[in-house]
Amino acid sequence: MSQEKVDKYKKEKKNRKKTMKLNKIKKALIVLVASLGLGALIGIPLGKYIYKEQKEEADRHRTISSIEYETWFDSYWDEKYGALASASELQQKIDEFNAASNSSESDASESDAAE
């Protein structure tokens, strides 16, 4: 039995550098995998939160083109005030108002001239 222990010790001593090197590699891989896992657990939700906040901030300060504004305004106007009158009716009322204001201005200028 004693000779077996001696042979085992010699074999272990012979392979000690190789075994230690493998243990160091295993330890390094374990640390690497653990750090990647921990980084993913912390980083993914944090990254999503930061991305969401930056996107909301950019949306708050976003400018729109005139075409987008016209499209939005037309749909808004139709939704809120479309039932009031058609475009031709509105134009007719505007023309009547302009004619009335023009006639009152000419009446005022005639009365000023008469004085």
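**Ground rules.** I call a residue buried under 20% relative accessible area, exposed over 50%, and partly exposed in between. Phenylalanine 73, at 34%, is therefore partly exposed. The model is predicted, so I looked at confidence next.

**Confidence.** The average pLDDT of the protein is 84, and 85% of the residues reach at least 70. I find the highest mean, 93, in helix H2 (residues 16-60). The lowest mean is 72, in helix H4 (residues 87-114), and I'll keep that in mind when I read H4.

**Overall layout.** I count four helices and zero strands. Read from the N terminus, the order is α-α-α-α. How much of the protein is buried? Buried residues are 1% of the 115 residues. I get about 11,100 Å² for the accessible surface of the protein, and carbon and sulfur atoms account for 60% of that.

**Helix H1.** I checked the length of H1 (residues 2-14) against expectation. Its 13 residues should span 18 Å at 1.5 Å a residue, and the C-alpha atoms at its ends are 18 Å apart, so the two agree. Is H1 buried or in the open? The number of buried residues in H1 is zero, so this helix lies largely in the open.

**Salt bridge.** I looked for opposite charges in contact. Side chains of opposite charge can pair when their charged atoms come close. The structure holds one salt bridge. Its partners are arginine 60 and glutamate 57, with 2.4 Å from N to O. Both residues sit in helix H2, three residues apart, or about one turn of the helix. Residues three or four places apart point the same way because an α-helix has 3.6 residues a turn. Arginine 60 counts as exposed because its relative accessible area is 55%. Glutamate 57, at 35%, is partly exposed.

**Aromatic pairs.** My count of aromatic pairs is five. I started with tyrosine 69 and tryptophan 72: their ring centres are 5.7 Å apart and the planes meet at 40 degrees, so I log this pair as tilted. The two are three residues apart in helix H3, which means about one helical turn between them. Tyrosine 69 is partly exposed at 43% relative accessible area, and tryptophan 72 is also partly exposed, at 45%.

Next came tyrosine 69 with phenylalanine 73. How do these rings pair? They are stacked, with 6.2 Å centre to centre and 20 degrees between the planes. Planes under 30 degrees apart count as stacked, so 20 degrees qualifies. Here the spacing is four residues along helix H3, again about one helical turn.

I then asked which residues make up the aromatic cluster. Tyr69, Trp72, Phe73, Tyr76 and Trp77 form one cluster.

**Nonpolar patch.** Last entry: the surface around those rings. Ile64, Tyr69, Trp72, Phe73, Tyr76, Trp77, Tyr81 and Leu90 make up a nonpolar patch on the surface. Together they have about 760 Å² of accessible area. Where does the largest share of the patch come from? Helix H3 (residues 66-81) supplies it, with six residues.

Tyrosine 69 keeps turning up in my notes: it belongs to the patch, to the aromatic cluster, and to both the tilted pair and the stacked pair.

Conventions. Residues numbered from 1 in each chain as written. Predicted model: local features only at pLDDT ≥ 70, side-chain atom pairs only at ≥ 80, totals over all residues. Heavy atoms only, no water. Patch = residues over 30% accessible without salt bridge, like charges linked within 9 Å, V, L, I, M, F, W, Y side chains within 5 Å. Areas by Shrake-Rupley, 256 points an atom, 1.4 Å probe, with all protein chains shown as cover. Salt bridge = Lys/Arg side-chain N within 4 Å of Asp/Glu carboxyl O. pLDDT = per-residue confidence, 0-100. Expected span 1.5 Å × (residues − 1). Buried < 20%, exposed > 50% of the residue type's maximum accessible area, 1.4 Å probe, protein only. Phe/Tyr/Trp six-rings, centres within 6.5 Å; stacked < 30°, edge-to-face > 60°.
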